[in-house]
Every structure is written in C-alpha cells, then in structure tokens.
Amino acid sequence: MDACVDPEEEIIRLGKMGAALGAALFAPVAVFLDWFVFNGQRVKLACVNWPAHLQPAVAEGLSKQPLDSISKKIVSMGFNCVRLTWPLDLMTNDTLAFKITVKQSFESLNLFDDVLGIQTHNPKILNLPIFNAFQEVVSNLGQNGLMVILDNHLTYPGWCCSDNDLDAFFGYPNFDPVVWTKGLSKMATLFRNVTNVIGLSLRNEPRGTRDYPDLWFRFMPKGAEAVHAANPEVLVILSGIDFDTNLSFLRDRFFNVSFTDKLVFEQHWYSFSHEGGAWVKHNSNDICAKIIGEVTHNGGFLLDRGFPLILSEFGTDERGVDVSGNRYMNCLVAWAAEKDLDWAVWALTGDYYLRTGTKHMVETYGVLDATWKDVRNATYLQKLSGIQHPFRGPGLQDKRLLLHPHTGLCITSNHSGNVPTLRLDLCTKSDSSTFNPKEGILWVNKMCVNTPDVAGQKMKLGVGSKCSKLGQISATKMHLSFKTSNSLLLCLDVDEHDNSIVANPCKCLTKDASCDPASQWFKVL
C-alpha cells in the first residue's frame, strides 16, 4: 500500500460523511428507476448485516462493547446502513418480547459471562425486555446517522439456514403464513414513526423442497400488503427462492400489489451459491463471466426493468485462506460496481453469543474481530470501500472511473515524477477516467495513456498523437491489453509495492485455473 493512501483514516472520514448524509436524509424513501431516492437525491445503501435472530434474541456483540461504540465503528468503516435481523417469534410471542428480560434470556442459556459483559458495557439494556432492547439498538443506530432495514430472518431464535429447517418455506410446520403476516404487520406498526427504519425485508432465504413460485406468489403479496398498510413510508423488500438466489420466476409473471414506488427485491450471492468448487476448478475469467450470467438471469435482470435490487447477503472468509472466496469476491465487487448496486455484506459479527450450541463461535465472515472493536481484515474492508459510494443517479455529478476490484481502489493520475503516470487511489479521490472500447483510448484527467514497449515499465500519460490503443480481452473484458512493437501482448497491472500501474505480460486469460488474474482486472464504470 502506497504511503499516500491511508485507507483507515480516509474510510473513517468518508464513513462519517455518509452517516451524516443518511441522518440528514431520513425521510420517506422512494424508488426512481433502480435507485433509492431521498429528498430528490440518490443515496446508495452500503449496509452491514447485524444478526439479532439467534438465541438469546439480542443483537450480537453487546457483551463485548458498548452499543454506541459499535454503532460508531459501523460508521467509521464506511457503512451507512444496517440490515438488522430478527426472529418472527419476537412479534408473535409476547412472553419473549415483553416479559423476558435480556438478563433472563442469557441466564436461561447459561451465558453468565455475557450477562457480566452486558452489565459492564451496556447496563441500560440488561433488565429491559427483549423487544425494548431491540428498540434501543435501532434507536442508537439512528442517533449515529445509520439507516436500518429490519430483516425477518426466521421463525424462532436460532441459526439459519438449511433445506430441512422446519421454517424453510410457506406451509412448513414452523412457517404459518397467517402468523407471519401478522408478525410483519406488528413490526411495521411498532416502527412506523422511527425515521431511520427505511425498509422491512419480509423473509430471509425462502428455500426447501416446496419453494414453488406459485406458493411464493400466493403469500408474498399478502406479507407485502400487510407491511405497506401498517407503515406506508417504509420500503418493502422481497426475497427470492432457493436461498434467495433465484428471482427468475418474475421474468414472465407480474407481481401484483397496490404500490410500486417502494417495492424492492433482494438477492444473495456467495461463492458456494453455485457449482461446488467452481472458483478453483475453472479459470477465474471464464467462471466469473459464466456466474455473472447466471446471477443476472436469476435476479440481476430486474435492474434492467427498473426495479431496485439489493444484494443483501454476500461475503467470504476474511482470514484469506479461502481461494474460492477470494476469487469470487473480486468478481462480485466488479459486478456490484458496474451495476452500482445497493448491498449488505455478511456480516458485522465478531463472534456469536451462542451458535448451534457453541459459545462465542467466531464469525470468519465478520468485518469485526472477536473483540468487536477492531477490523478483522483492513484489506477486505478497503475492497468494499470501492463500492460504498454511488457512481451515478439523481442529484449526483456524473463521474466515470476505472475500478481495480481486487483492491477496491481506482486508477488516477500521478504527477510525482517528470512524466505523469498512473497509480491507484481511493475512488473518492481519483480522477475521472473514460474508456471507449471502439476507440480504444483510456483517458485519465484529460490525458491519454501512452503504453511502454517493454514489460515492467509504468504506464505514462500524454496528449495528442501519443495516445495508445487498448483492447478489452478475456471473458470478463477486465484485462486492458496492447501489443508491443515485438508483438508481445501486455496488460495493465498493479505494482503492489507502490500501487503504480505497469505493463506486464497478460496472465490467466482463459482455461488455466491455477493462477489468479485479479491484479490485472480493471472494471470500466
């Protein structure tokens, strides 16, 4: 990382700006084309999932850090929104919601260390009923300028999800559509006047052997109308089937509800959402292009039809040991940037109070470590920073960029030497870059790229007759290539020592699954 780029400091600064904007814009939310618009300006939802659906039905982490500290940490990491999960039982079981306190819930599960932790860090909530503690979390997020999406994750408190869960789909033993509709209505009503609650997600990851589109069309509109009737201002967010990876049944069938300007769909995408081991079995360019095609067919097509689509769960093991996950994330970030998607990464969680019988299980997908104080992986967070801010939309100045998905940084001009060159910088600080594939010329800060004739040299910027032509090659079209006078095929690449843009032999273009082309991937935005 170049010393000129201090991602932690810049992310904190931009996070505070984003949260301040969110606080200023808490207002009725509308949909304009595939964007969310607040008071006439497009605001991109860059959310993090904060689980509160497991036993003991309390937002995770409150035994480790003060609630306000966690909220402020979310802001400092550049997020402006939280997808806060909850079990349906919280709205359909008054004993759980209003008669059991936080302390009693933890003690019933023998989580005595967590009781002491909450007494230390969040004494205000210890003797509150479970639902009132939930309200405190939402309120504190709002005080810190954070928008909230309330996600009905499952029926009873616990871990989710598998095909054989008793609440997997409508009509399963623990998923009564009538009870579910009443629960949604109650939650929407209780948060009707809470302005930072901008959306309700009706159900997380419908799945199972009965997840038929016909049943989805039968019951989802009822849940949507119940939320709308109880809270006319809030976004109504609908999941697809097959663990929310599939909305393709909407291609030729209309979803009939009484409102349209706040109807939103959500889709999930993980490295394991497709063919097992695909990211290590196949070349990254080939499999990235193939899976993006599948994701587009299954849900991304809704963007082209003017419906907002939130990528409401994605993520990977942040320890860096999962090759499949690392390759998938580079592909996903490129696609999310190209579509300028709103999203919610899984997850905030450093660890869980209790997950599938294990106390304080670490969440390797969590952006915080087990202390709930420090970032688990700053490089991963920087990758996300590249898609945290909107690239286009109402009220925004149009700015074209060239994103490097692997780092989350963008190409910009570098004037530190005698001749201007290219380097990476935070996208919010980068120069405007334009590339017309037909013309083949890359313009950065009104100067064009002048390619070297030898591998390993820096890419220079010039004007007029010095402009070089580049081509987009590989299945992803993310390799920017050119040929030297000796017919050597070179591609733009990143020198990891100083983040300068250099020319290196093109690598991993197709078929070869053993290498990773990520350093040579650039997404034209």
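Reply: Accessible areas come from the Shrake-Rupley method with a 1.4 Å probe, and for residues only the protein chains shown count as cover. By that method the protein exposes about 20000 Å², of which carbon and sulfur atoms supply 52%. This is a predicted model, in which local features need pLDDT of at least 70 and side-chain atom pairs count only at pLDDT 80 or more, whereas totals for chains, interfaces and linings use all residues. Residues are numbered from 1 along each chain as its sequence is written, and side-chain values use heavy atoms, with hydrogens and water left out.

Me: What percentage of the 525 residues count as buried?

Reply: Buried means under 20% relative accessible area, exposed over 50%, and partly exposed in between (1.4 Å probe, protein chains only); here 60% of the 525 residues count as buried.

Me: How many disulfides does the rule count?

Reply: A disulfide is a covalent bond between the sulfur atoms of two cysteines. The rule takes a pair of cysteine sulfur atoms within 2.5 Å, and the count comes to 7 disulfides. One of them joins C288 to C331, with the sulfur atoms 2.1 Å apart, and this link is right-handed, with 85° about the S-S bond.

Me: Which parts of the chain does the pair of C288 and C331 tie together?

Reply: Helices are DSSP runs (H or I, at least four residues), as are strands (E, at least two), numbered from the N terminus. C288 lies in helix 12 (residues 284–304) and C331 in helix 13 (residues 323–339), so the pair ties together parts that are 43 residues apart in sequence. C288 is buried, with a relative accessible area of 1%, and C331 counts as buried at 0%.
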